[in-house]
Structures are given as C-alpha cells and as structure tokens.
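Me: I am new to this structure. Please take one part and look at it closely, in short sentences.

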Amino acid sequence: MADLRALFSSNNPAFDAAEAFTDRQHQWALVAAALEEHLRRTSAPAFDVEDLEAPRTNVIVFHGVGGVGKSTLLRKIEAALTAAEHRPDQWGAPTWTQQLLPIRVDLARSASTGSDFERVILTIRLALAGALGRTLPSFDVALRHYWEHVHPGEPLDEYVRRAGLTGRFAEMLPQQLQAGVGEVAAALQLPGLVGSAAGQLTSALVSALRERQARAQALAGATRTAALLEATPDLEALSYYPHLLAWDLNQLPAKKRLTPVVLLDTFEDTGDRHRDFERLLQRLVWLMPNAFFVIGGRSRLPWADPALHGQLDWTGPAAWPGLATSAAAVPQPRAAAPAGRQHLIGDLSPEDCDVHLARRLTLDGQPLIDADIRAAITARSHGLPLHLDLAVSRFLEIRRTGHIPTPADFDCTFPALLARTLSDLTPDERHLLRSVALLDAFDLDLATQTAGLTHQAPARRLTERPLVTENPYALWPYHLHRAIRSAVRDDDHSDDHWTNADWHRAATRALAALGDQWTNAAALAPSRMLLVACLRQGLCLARDHRLTGLGWLIEAAFVYTDDSVWEPLALPTPTDPVPDTPADAVAELLTAIARRQREHRQRTTDRLTAVLDTGLLPAELTEMGLYYRAKAHKDLSQNDAARAGMQQVAETGGRLAPKARRGLANLARLAGDFPTALAAVPALGWKGRHHRVLGDIHWSHADTAQAINAFEAGRAEAEQRGAAGERVMMQVRLALALSFADPARADDELALALQLLEGLDQRSNTLLAQVVALIKDAGTDGVLDRARSLHADIEAAGLPFLHRFVELALAFHHAVRGEDQDLAATISRLRELTATGDFAYFTDIAHFMAALPLPEPSTTRWAKSEDDVRSAWRGMVQARQEHLLAGN
C-alpha cells in the first residue's frame, strides 16, 4: 500500500513511498494458534452458543506503548485474514478451512464521534450484510425495534452515511432489515405487519415465542429472544442484542456459516471513570462466544481482575482464564484452553528497524535513506515504530529544503511522540512521568519521592501502563521506555513542559531519595548491589543537573572504594569532558579509580591528576584522589612519586591515612627495607590491612609458615567484616606463599582464589594468580610459553611491577631444573627491572635459589640474617626437585 502522505512530499515521480510492515511473525503465530483453538472449540458438538456461564477464551489482547505498531499489526491481521495475497510469506499458511470474516473497528473513531457502541454494532452488522447477503432475523427485528424507538424518524441509511460508515455494503443493511421484517411477518402469517411499526411486529413475535409457535421458534427461537424483545429498547438492551446475533449466526446453513473475527483497535479510548463503554464492549465479547476478538490497546485488559467486580458484568480468572496475570490457584485440566492471551507488543529489533526504513522510501528500487542515516534513526528510536515514521517525515522535510540529510539531523526526539504518550495520562501521572524520566530504573517509593508526592497510587497506576517495563528480578523493577524517556527529557513544546528549575528540583529530590534508600538499607544489611546502583544513578543526577549538595555521595564513594571490588560504574559520557562542577569531579574521580582495572595505569594517573588539578573535589575526596594516584604511581614503579603521595595522605590524618601508612610500609618493603616495614605493622590495624603487609614480608623471607598464618588471619578478618575484595586478595597471597613450598595445597588454594575472583574486577590480582600458577608448576614443561603470554598481558594492563614476579617465577623454574644459562639470563633481566632499587631483593632471592654468591654487597635490609634467608630459599628449590623426582 502506498503511503500517500509521504508520496506527496516529493516532486520525483520515480519516488516510491510504501507503508512498510516489519515481520511481527511471532504475533501472527499467537493469533493463528488462538484462532485455531477457537475454531476447534466452536465446531465441537458440545459447543452451546447460549451457554452464558462457560469461561470465555474467544479473545486475544495485544498491548503496548503508543506508537509501537499495534494498529499496524491489527490492520495486517485483518488483511491477512481477508485474502491470502495480503499475508506476508513468512507468516505461513493457516491450517483452518472455515470461512472467516475479519471486521476491524477503530474505537478511537467511535469515541470521537460520540456514537460509541451503536457504531460498533452497526459496523459488525454491515460487514455481515456484505458477507452473508441474507437476513439475521432475531437480531434484525430487535435492531429495527431499537432504531425506531431511539432514532424516531431518522432512516438508518441516512444515519449510516452521517456516521461515516458508508461503503459498498452500507445500503444492504436497511434492505436486509426490511427483508427480515418480511420473514418474521411471513413466519407469523401476518403479512399486514410488514409495513407497520416495529413495535407491533415485535409484540406479535414475542407473543408467538411465548406461545411456542413452531415457525416463530425456528426463525427466532433463542431462549432469551422474547425477554430481550420485551425489554425497553434502549442502549442497555442493545448491548445484549449480540446474544441474538450469535444465535442467528449459529443457525446458518453449513455452507453459509462463517466466524467473525472482530478486531477492536485503540481500546484505550474506551476508558472512562465508570467503564461504561467498556462494560458494553465486554458484553459484546461475552455474548458472542462463536466470534473471535482481537483487541489492541495501550494497557492490559483487566477483565480477569476480581477487583473489578461490580464495575463489569464478568470478572475474575474463572471467567477469563486467558487474561489472568498469574496462574490459577487450582490447576486447570489438560484440555483447558491455553493460558496467556495477553501479549505485550515489544520494540522492533535493530535489524527490523533497518528493514523498515529501507523499504519505507525507495527510488528505482533502492533505499532512499542511506545506511548511516538508518543506523542513526534506529539507535535513537530504541525500536519504537512511531519514532521511525516520524523520522521518515523529517527526512522528507529536509529533502524539500534542498539540503542533503545527514545522520546528525536525526539525533533528536519528536514532540508528536510525546503528545501520543501524554494524551491519556492524568495530571499526576504526567508529573510522575517527567519525574521518573530522571531515573534509569525505579520502584514505587523512589518514583513517589522524586515526584514529591505523598501517596504511591499515581506511581502504581503509571507502572501499569505499557510505557513502563517491569523486571521483577531487578533491584528497581521499573524502567521507562528509552525513546519516551528521551522525548520527555527533551520536551519544550507541550503546554505543561518543565522549566530548568523544575528539572533541578526534581533531580534534587531524586538524589535525596536514592540516598535515603542506600542509607536506610546500609543500616540494616549492607548491600553492594544497592550501593553501586545508587552511586550510578546519583552521580549521573548530580553531574547532569549540576547539583551542589553531594551529601551521601561522599560517604558512598568511600564505601565503594573500601572493599576493592571495582564494579564498573558505567556512567554515560558527559557532554563536556572537562569537569566544571564538584559533581563532575566526583564522577570523574570514581570512574578513573574503577577503570584503572581496565586501563593502563598511566592513563589512571593522568585522569586523576587532571581531576585533582581542577580543585573542584570536596576535601574528603581530594584525599582519595591523592591516595589512588599514589597507588597508580607504585604500580608503574614510579616509587618516588608514590611515596610523596602516600606521605601527603598520611599526614592529613583523614579516613585514608591508615591505608597511606600501609602504602608507605609496602614501599619500604619494595625498597628492601624490611625492618622499617615490619616496624610499621603494629600501628596499621584492620584499616591498614596489617595482616596483608605482614604476610608479604614473611613470604619474601621464604618463611612460608608465618606467611600462611598472616594471610589466613587476614582472610578470616575480611570474612568477618564482609569485605569480599580484601578476602580474595588474602586468598591470592596465601596461594602465592604456598606455591613455592607446597604445590599440591597451592593448587587447591589457587582454585578457591580464582573462584572468588569471579565477578570481582581486580586485574592485578587476576594476573598475580597467573603468576602463582607458574610458580606452583615450576620445573615442568610449558612454563616458558605461559610466561611469555603473561608478560604480554601485564604490559597491556600497565602493571609493570608484575613483570618482576614473572621473572622470579622463571628464576625458580630454572633453578629447579638446573638450567644455569637460562637462570643467568633471567637474573640479568631481573637486574634491569629492579635497577631503580625497588624489588631489588628479588635479584638477591634468585641468587639464593641457585646457591649463587651475590656479585656485590646487597642493599637489602632483611628482617633476619641474610644467611637464614639464603638457606630458606635454597631449601625451597631442593624440596621442589625432590617433589618432582618422587612424582616421576
């Protein structure tokens, strides 16, 4: 089908604008399966069209946000059921053979004209008039009686034309109604009533039915026909007449029998406070169990909700088993109708978006919209078909100006999309929609506080709309559709759009609400997941809206860094890469610290230096920036800079002073000054990770037993405090201490370390664990190739201090195998790597392992005699040689 609006936007006669339709094969399969089940049920001998108590399964619902393609889907289903050539090839041929009559009713038009239910009934009857070419006597007599009572003096054909129902069958309906009157009059043998008032004929028919006259029973013998005809012919009575229509259809000869498939589009436009129109439509569905209904709307159909009892005639999961939101308490029999007749229409995949745009506009058989522009539109649309169509219109508008469209022209939102979204929201819901647009995800409490409301009811109503997606397993279960979120935040056209001050106040409320959630939860049971989630959203809010009261974010930043877990914060890239507010600086600080696990350490020092130079960080977090820059300097073997930074932090006496003192102790150890490092341990405590520092000193002296004790104590302390990051660091170091002396136990401890590392972003410890694996396998084949690969990984990570550990592992390997030349080459490399003085004791240890004399006096100050250290390391090599011999 041509898109005439798009077609008339160009002067090029070769230009082809098609109303593109993208797959939706899954939705068709759902309709086909439900329709097949319906046809089997209505064809069964036990089916009773007059059974008013049996559960109804003759409906399927497609719901979704405005613009997602529900109307397009219903139109395509209508076309596919009308003729096979209109059915997409990928949908496949249906298996049924029964005749179907698709009837699409646009409820938006019904609501806009004010004719509502009358229009729906006449639309269905007009379609049947054309398809059957014959009367439906019970219904037709009732309809004529209603018409003369409610619309006295107004011909039906005139009303049909005025209501916009004209078509090739429009004139057939009045004729068939008149013919129906003749049939009834003939059946009652009262020809004089043919031209009389409908009331007289109705009275005669009712009398005949009450007297059980055979011919009247055969023509209009539904059990409740007489009662319906006796009722006052008003709108209430009209809503029950579909029962007569269903009975008439069921009496048709086999060759004439057909199944109406009624497609009720834009069902959301039936909504009103008292559900008056919806109640009439529900009667239509219930009273025509032999018809099949496909309903499209923005929200789920709530008919299975027992809470609606009294507002609608039939409610609850027993009445509408397919519409229930959860499984029934009592299991259904295997023969019961399949559940799950409510289906959310989701967004199009990126591939389907591209296909849609490529087919939408063509020139000489080729897509008019270039691939790069299609990609830009697709990315901005988040799969929403309405956004795609609006982008196509923008593409044509740009072409008409004589300009060539570019991808940048489509980095925008469309007011029309927002207008569709806001059209059926209450004022409270509109306010909430804008409020939650600030949040990546939310719950009822977070939404309510962000909006500044005192009650949750509006938030609950908003979450029931399809523009909000629910993931019940997420920390915050609700997410606003991303395309709608963008449109809301970019809105400056709607009458009630927010000013910058409005957004700032809402962002302030949202930041406070996030802080309350984290603070309250942390007081009961600290949650790392909640901490990181609150930090992500809170930092974005503070940065994007230039908030000054950072409050809880400062405390959360310390808690985040304390445990050395380093989950990525994954903050969106700021518009301005140069921080110019405290919130910008804090976001950049934590991003740099977290990303150091995935970036070269030089990049970390550069980023931290830049953010410190801005002077925008709060005093507490300036200390954090200095400390982690010093750690990065240490990892880069820039130990003079590292010492200066650690000393500056230690002297401030702030929260990170104990860690800085630990850093100074470690730097003393790296310089080979073990007595100084050992003397610092008693003052470090838990915050200074005293057990870790002590264990590193002991394993360097080949004192495995003391190192094990220290690392096990550190691990236990970390477990007691729930510090997962510190626990895994202790575990890796425990495996390191054992890897020289006890490869069997080291293998077990390393396996646990690798298990604990899963999900923790600790790059240096992950690489150190690979060094441990080399050491425990020293003396066996394959170590050299693994060492070369590990060197490459270390270089890429920007952690040069670990090169020394690899070379120490190789020195142990060559000493065990007695490979003197290879050992000499390894010692030479170690000497080059430790030329600055840091880790110089590794070179000493390599000599000790092979029982080689030191070429010159050592600068290392051991915590015990050098002879004892030499003897211990040589003993490690001899023990490994014996272990390998025993294994052979």
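Reply: Axes here are lines fitted to C-alpha atoms, for helices over the stretch in contact, and angles run from 0 to 180 degrees between N-to-C directions. The model is predicted.

Take the pair of helix 27 and helix 28. Helix 27 covers residues 601–613, and helix 28 covers residues 619–635. Their axes come within 9 Å and cross at roughly 155°. Angles over 145 count as roughly antiparallel. That makes helix 27 roughly antiparallel to helix 28. The crossing of the two helices is left-handed.

Which residues make the contact? Helix 27 gives Arg601, Thr604, Thr605, Leu608, Thr609 and Leu612. Helix 28 gives Thr622, Gly625, Leu626, Tyr628, Arg629, Ala632, His633 and Asp635. By class, the contact has five nonpolar, six polar and three charged residues.

Now the sheet, for its setting. It is open, with five strands in the order 3-4-5-2-6 and parallel pairing. Strand 3 (100–106) and strand 6 (342–344) stand at the edges. Each has a single partner strand, so one side of each is left without a neighbour in the sheet. The twist averages 15° from one strand to the next.

Strand 3 pairs with strand 4 (residues 259–265) in the parallel sense, over seven bridges. Isoleucine 103 stands opposite valine 262 in strand 4. Helix 3 (residues 70–82) packs on the sheet. Helix 3 touches strand 2 (59–63), strand 3, strand 4 and strand 5 (292–297). The direction of helix 3 makes about 155° with that of strand 3.

Definitions and conventions:
Residues are numbered from 1 along each chain as its sequence is written. This is a predicted model: local features need pLDDT of at least 70, side-chain atom pairs count only at pLDDT 80 or more; totals for chains, interfaces and linings use all residues. Side-chain values use heavy atoms; hydrogens and water are left out. Helices (H or I, at least four residues) and strands (E, at least two) are DSSP runs, numbered from the N terminus. Angles under 35 degrees count as roughly parallel, over 145 as roughly antiparallel, 65 to 115 as roughly perpendicular and the rest as oblique. A crossing is left-handed if the near helix is turned anticlockwise from the far one by less than a right angle, and right-handed if clockwise. Contact means heavy atoms within 4.5 Å. Ala, Val, Leu, Ile, Met, Phe, Trp, Tyr, Cys and Pro count as nonpolar, Asp, Glu, Lys and Arg as charged, and the others, Gly among them, as polar. Two strands pair if DSSP finds at least two bridges between them.
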